[in-house]
Amino acid sequence: VLLGEYGLRAPAPVGASAVRSNLTAAGTFLGIDAFLIRVTEQYIDRKVLSPPAWVNALAPSLAAASLLMMEARRYNSLHRSLLWDVSMSLPVRPTKDVLSQLALSLRDFLKKNNFVLLEELLVVALSFAGYGYIDTIPAYHGLLYATPELINGFMQEILNSALKNLFSSSVTPAALKQMAHYLAALFLGGDPGEVEAVMQVLPDGWEMLWARMRKQDRLDIIMNVEIARHGIRRNLLSRDDPITVTFYQAGKREATMEFDIIMYTAPHALASSVVSDLLPWEQHVFSDLVAGVTLTSLYQSDPIPGYSTRSAGNAACRCWCDDEGLRRQMVQGPKSPSRRERHGAQQDAPGEGGIPAL
């Protein structure tokens, strides 16, 4: 609805996902679904896990997928018992008993409850999304991300992939999707909801959404400002007085503006330096926080077949830049330098079709 209101295209799958591990040959990659199936098959071969006898009898090729489904069902049940049914929203405040069960790292929580296969999934999923590593993030934070909705989505993608391999081209994509949904409901219990793709991107990019909102709604956005020390005054003792913010801009005099509502999205660990009237409990909470910076490394490489070549249809790299010339260079790759230039730089430039990879 929001995208339609601002004239943007619907979300699209991010394209091929690339997972490298000891299960892949040098220079090759697996999608997350194929990776999890391969890992599960290893556990079956080593007799660590055993699929149900009826699955082995009817469709041995679905043995790995069935084990993933059953573990996901156990996880979803435990998740809902601890955090209720969050349904893509924030959970209720956990009780002391629940917090005591979650007072460990996410990996330790998964091991304690014997979620062998989901551990393999979340190692990739959380780090891919930039949420950290399961060895260090608290179980509570991990469960807020890995909701039953997310797990069910991954499971349907895995089922869809397994069914494609089972039926090859003899079944239409629509029928495969319907079968995946039915089997997900059978294994996961209830209605898991139909999933097109777990990981999607906005083809036009998030920045375009903000730009359209600013233009269409005529928002007055002031950028490149520095808030003065204790420049935010909420006037908590008087409901009639407005919130005031004092700030500087390069080449301009100090300015103060009045507001009805303030949404503070800066690091809360630094709030005491800009907010003049923090309450004691706010100071207590914020004092335990540490400000951090997230960095992304953007690099160029030779095209990776099936991942960053044009045929892979990976649209993620096409929405980063509004400059048409630079966008074309990102998708098609810059003109290859001469051999002399290449050796002088001591690196190979991307060939035709190469795009930046993250």
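Reply: In this predicted model, aspartate 135 is partly exposed, with a relative accessible area of 45%. The side chain of aspartate 135 forms a salt bridge with that of arginine 107, at 2.5 Å from N to O. Aspartate 135 belongs to the loop between H7 and H8, whereas arginine 107 is part of helix H6, so this pair ties together parts that are 28 residues apart in sequence.

Arginine 107 also meets glutamate 119 in a salt bridge, again with an N to O distance of 2.5 Å. Here the link runs from helix H6 to helix H7, where glutamate 119 lies, so it ties together parts twelve residues apart in sequence. Glutamate 119 is buried, its relative accessible area being 10%.

The structure holds six salt bridges. Another of them pairs arginine 234 with glutamate 282, whose closest N and O atoms are 2.9 Å apart. Arginine 234 lies in the loop between strand S3 (226-233) and strand S4 (243-248), and glutamate 282 in helix H13 (residues 280-286), so the parts tied together are 48 residues apart in sequence. Both arginine 234 and glutamate 282 are buried. Through shared partners, salt bridges join Arg107, Lys111, Glu119 and Asp135 into one network.

As for the nonpolar surroundings, the largest core has 56 residues, and Leu106, Phe109, Leu121, Leu122, Ile151 and Met155 touch the most other members. Helices H6 (106-112) and H7 (116-128) are among those that each supply at least two residues of this core, while H4 contributes the largest share, eleven residues. A second, separate core of eight residues includes Val245, Ala271, Leu278 and Phe286.

Note on methods: Residues numbered from 1 in each chain as written. Predicted model: local features only at pLDDT ≥ 70, side-chain atom pairs only at ≥ 80, totals over all residues. Heavy atoms only, no water. Core = buried A, V, L, I, M, F, W, Y, C linked by side-chain atoms within 4.5 Å. Buried < 20%, exposed > 50% of the residue type's maximum accessible area, 1.4 Å probe, protein only. Helix = DSSP H or I, 4+ residues; strand = E, 2+ residues; numbered from the N terminus. Salt bridge = Lys/Arg side-chain N within 4 Å of Asp/Glu carboxyl O.
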